Number of protein chains: 2
Amino acid sequence: MTDDTTWTIAQMADDFDVTHRALRHYEQLGLLSPEREGQRRIYSRRERTRLALILRGRRLGFPLEEVATILDMYDDQPGEAGQLRYLLSQIGERRAELQRRLRDVQDGLRELEELEKRCEEDLERLA
Amino acid sequence: MTDDTTWTIAQMADDFDVTHRALRHYEQLGLLSPEREGQRRIYSRRERTRLALILRGRRLGFPLEEVATILDMYDDQPGEAGQLRYLLSQIGERRAELQRRLRDVQDGLRELEELEKRCEEDLERLA
DNA sequence: ATCGTGCTTGACGTGAGCGTCAACGTCAAG
DNA sequence: CTTGACGTTGACGCTCACGTCAAGCACGAT
């Protein structure tokens, strides 16, 4: 029941709407590590999951390096107490940052709605 | 009852935790336009409001150019129907983008919480 | 056998967002 | 009158996240 579907770089680029150059870039930074069939890159389910996380991180404005540390958290499953505690502290930091962003987004949305109202009122007045 | 408090560049930099270089950069891009007292920049309440919006936009990963168009929306109050309609469409786009980011942030938070749980369970198991 | 298609690896270029000098003006304090 | 704190304008440098060649390999189809 293991999903061993694989994809080429072109299919990946197409599915996720990124360039193959970006994919190679993520690989150089260690964010992706597709198998090889000879020279060619072979992407598996795992890489797709990671790529989705990468792109989300990028949309949120996180530097790729930071995204990398988050991705490593998912793999690591270290099993050693010290590392687990360290991981938990890292998670705490990321979460604090995301909560700040959540507030930022909500504030932004509120302001846009106010602005929208003002616009609509002005438009009424002109009619 | 107009608030005519003003600030120097150093106070601005200090209050908002940015460098004076960044402030000049925002000014070059037209995001800020402080008054001058001779050569010196004099920042008023308006600039502080704008700077707060700039920094929030930056935290959300918006390019400064895009932040500029949003800032212009606030000023413009165009009063002309065509421009108002255009402004409304712009607002719509920004809001759609913010809603996407809202989802991204929420998804990210959910995943971090799951990861956190797994960590804590692993930590239990080790105890 | 030569084509096109898809993939590969360098290597250099680019735009955004500042950082970091360098060189100079201005003004109150010592 | 010099010093120091604070400000000014260039101008070049740097990092990040890729874009954009260039040159070449591997393959099936014509």
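Helices (H or I, at least four residues) and strands (E, at least two) are DSSP runs, numbered from the N terminus. The model shown here is predicted, so local features need pLDDT of at least 70 and side-chain atom pairs count only at pLDDT 80 or more, while totals for chains, interfaces and linings use all residues. Residues are numbered from 1 along each chain as its sequence is written, chains are lettered from A and ligands numbered from 1 in the order in which they are written, and side-chain values use heavy atoms, with hydrogens and water left out.

**View 1. The protein surface near DNA strand D.** At least two residues each come from helix H2 (20-28) of chain A and, in chain B, from helix H1 (9-16), helix H2 (20-28) and strand E3 (40-44). H2(A) gives the most, with four residues. Sorted by class, this surface has six nonpolar residues (Ala, Val, Leu, Ile, Met, Phe, Trp, Tyr, Cys, Pro), seven charged (Asp, Glu, Lys, Arg) and four polar (the others, Gly among them).

**View 2. Phosphate oxygens of DNA strand D beside chain A.** An N or O atom in the side chain of Tyr26(A) is 2.9 Å from a phosphate oxygen, and for the side chain of Arg58(A) the distance is 3.1 Å. Leu64(A) takes part through its backbone, with a polar atom 2.8 Å from a phosphate oxygen.

**View 3. Where chain B meets chain A.** Contact (heavy atoms within 4.5 Å) links 40 residues of chain B with 40 residues of chain A. The buried area, meaning accessible area (1.4 Å probe) that the two parts lose on being put together, summed over both, is about 4100 Å², and carbon and sulfur atoms give 68% of it. On the chain B side, Arg56(B), Arg59(B) and Leu112(B) lose the most area to chain A, together 14% of what that side buries.

**View 4. Salt bridges and helices at the interface.** Seven salt bridges (a side-chain nitrogen of Lys or Arg within 4 Å of a carboxyl oxygen of Asp or Glu) are found across the interface of chain B and chain A. One of them joins Arg59(B) to Asp104(A), at 2.6 Å from N to O. On the side of chain B that touches chain A, helix H3 (45-59), helix H4 (64-76) and helix H5 (81-126) of chain B give two or more residues. H5(B) supplies the largest share, 30 residues.

Technical notes: Polar contact = N/O pair within 3.5 Å; in protein donor to acceptor, adjacent residues only side chain to side chain.
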